[in-house]
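Subject: Structure handover

Hello,

Here is the structure I promised, with notes on the ligand site below. Please look it over when you have a moment.

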Amino acid sequence: MTKITILPDILCNQIAAGEVVERPAAVVKELMENSIDAGGGKITLTLVQGGRKEIRVADDGSGMSPDDALLALERHATSKIRAIEDLQSIRSLGFRGEALPSIAAVSRFEMVTREAESLSGVAIRLEGGVLKNVRETGCSAGTAVTVRDLFYNIPARRKFLRSVDNELSHISDQVMRLALACPDVHFRVVHQDRQLYDFPQVKDRTERAGQVLGPGISSKLQPFSAETQHYRIHGLMSTPDVQRPGAGHLFSYVNGRAVWDRLLNRAILSSYETVIARGKYPVVVLFVEIPPALVDVNVHPTKREIRFRNPGEIMEAVRETLRRTLEGSVMPGKVIDLGSFIQAQRERTFPGHPFTRETQIPIGAGFGPLSRTTRDVVPAETVTLPGSAAEGLSPDGVPKTEEGLQRQTESSLVPGAQPAFSRLPYLGQLAESYLLLEAQDGLIIIDQHAAHERIIYDRLSSVSSKEPSQRLVKSVVVELLPREAAKLRRWLGTLQNLGLEVEPFGGDAFVVHSVPAILDGCSPEALLRDLLEGASEDERAPQWSLPYEVAKTAACHRAIRANQRLLGDEVRYLLETLDQTQIAATCPHGRPLWFKLTHDEIARLFHRT
Ligand code: ADP
Ligand code: MG
């Protein structure tokens, strides 16, 4: 007797379900994707016990003939592709023909469906993948699938189901991801007779984002778009004052399919790297439209992951588009949280130094939303990327960099816009850490360390041309660990461009010949060691991330410290250079760099209003 047998279909389906049907949210995803593929204009999801007891997805899409409906439940049955080449031009969300039989194999399953032109529909019932009943039935056109008692026949899986709330939050996430991409579909979600969501059809994805993410977040989203010969990148991104604790609000789509792609996420985050604090996340809805032949969607059972033919190019385009959009935005002079400011004032023990480091104004706490006026200045910029026809200025002539800056400084009359610091009267230094300036409408306080960090960072990270370097009088030899040495070897070229000239010196030793001119005077050894410690471990980290890491570490190293008295010249240099930096609202670590206490706010402190 042979030891090897071919598994029966039901068992195959149950095994496939292990991958495709991880939890109720996965069932929701598969069924709703089918409804979207079927051209449904309205999709209603009804749940009992967070989907653990029952999941029902009903649509008004194409429906199926009785024969097709039965076929759809067979393994590898699909209407969406006929040959492997079809994957090259796939536009539907599904194509593997796995979902329905897999779900049916691990639940009590019922599908009721009717094509619009048929007089009656068909109802098919299965239990644990075994066909129990097929009957003709009257029903509305479209398809309704009901999945009860998920994993009832696989106790080991059932045990892994989480609480109702937990499963429900996964389902919400799935629905949000699907809904964001399909503004022309009406989505409704009901949980035990309570309506959770109702997103009627809207005209575009921006309006849909408003429905899905709510007015609080969506009022802080700005549109972006960029095009090259082969692909288009567009979507919505939050202003830097939106800082969320997790990555749950990163929504990426490739050709309308929601994906969770590490590289895309990394590209998104890196564009925010210098304006958002470490460990905080923005809200981004990113759509990448690319010829299907340039992306492989068949690398993951739930199609959540994809593989780009040319990942580097896409990543760079995403990063660049988002970064430019961020730079184009007028940055917060923010609305200060007056409550916490007053609190801080009260807690100060009289008559101590007004602003010691411990009792400084809690800028972070009050780093509130952009004012409406400021936000309205933000243009929906279409960035033209290298490689596309008209390189350079965007079609609507939206100013970038220099010009954009000019525009920012000119708008300094708008409360919240960034003023031209160097043109404001300088009042003096506070606690050897802050520079005080008099603005037309209040008092500006600049964190000198953060400001200088930002200046150095901007200088070093614009690596388009080689940074001038300062030759060391005496070269410095640095001994490294093998792991550090390996890292450094990969970086040598990039470091050289930054003006940091390092050469292998036998074994794991290196010799430093020069440092970037702007960092003249800092210890090359300390700089190098900090760099090696801080920068990304990931070997696959794209090339562009390194200059950023270097610049950030270097900036922190060399920058004017807090508790350092500054001379007139130094103050002038700082303010003038700050006026030329593109994102002068935060330091490279994402901490705020300056804020304004307006006359109104001061008056309120003195109970004059
Ligand atoms: P896939 O979506 O990968 O093709 P599924 O197992 O999810 O595989 O579905 C199998 C087939 O059943 C689909 O190709 C489609 O023809 C049909 N189908 C599934 N759901 C629906 C629906 N809601 N409306 C119309 N047809 C459907
Ligand atoms: Mg499907």
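By class, the shell around ligand 1 holds eight nonpolar, nine polar and four charged residues. Nonpolar here means Ala, Val, Leu, Ile, Met, Phe, Trp, Tyr, Cys and Pro; charged means Asp, Glu, Lys and Arg; the others, Gly among them, are polar.

This is a predicted model: local features need pLDDT of at least 70, side-chain atom pairs count only at pLDDT 80 or more, and totals for chains, interfaces and linings use all residues. Residues are numbered from 1 along each chain as its sequence is written, chains are lettered from A and ligands numbered from 1 in the order written, and side-chain values use heavy atoms, with hydrogens and water left out.

In total, 21 residues surround ligand 1 (a heavy atom within 4 Å of it). The closest are Asn34, Thr78, Ser79, Lys80 and Gly97.

- Gly97: a polar backbone atom is 2.7 Å from a ligand 1 oxygen.
- Phe95: a backbone N or O atom lies 2.9 Å from an oxygen of ligand 1.
- Leu100: a backbone N or O atom is also 2.9 Å from a ligand 1 oxygen.

Taken alone, ligand 1 exposes 530 Å², and the protein buries 93% of that (Shrake-Rupley, 1.4 Å probe).

Helix α4 (99-105) and α2 (24-37) each give two or more shell residues. The largest share, three, comes from α4. Elements are DSSP runs numbered from the N terminus: helices H or I, at least four residues; strands E, at least two.

Ligand 1 sits in the second largest pocket (more than half of its atoms within 2 Å of the grid points). A pocket is an open set of points on a 1 Å grid over the protein atoms alone, where a 1.4 Å probe fits, with protein on both sides within 12 Å along at least five of seven lines; lining residues have an atom within 4 Å of a point. The lining has 34 residues. α2 gives the most, five.

Best wishes

Conventions
Polar contact = N/O pair within 3.5 Å; in protein donor to acceptor, adjacent residues only side chain to side chain.
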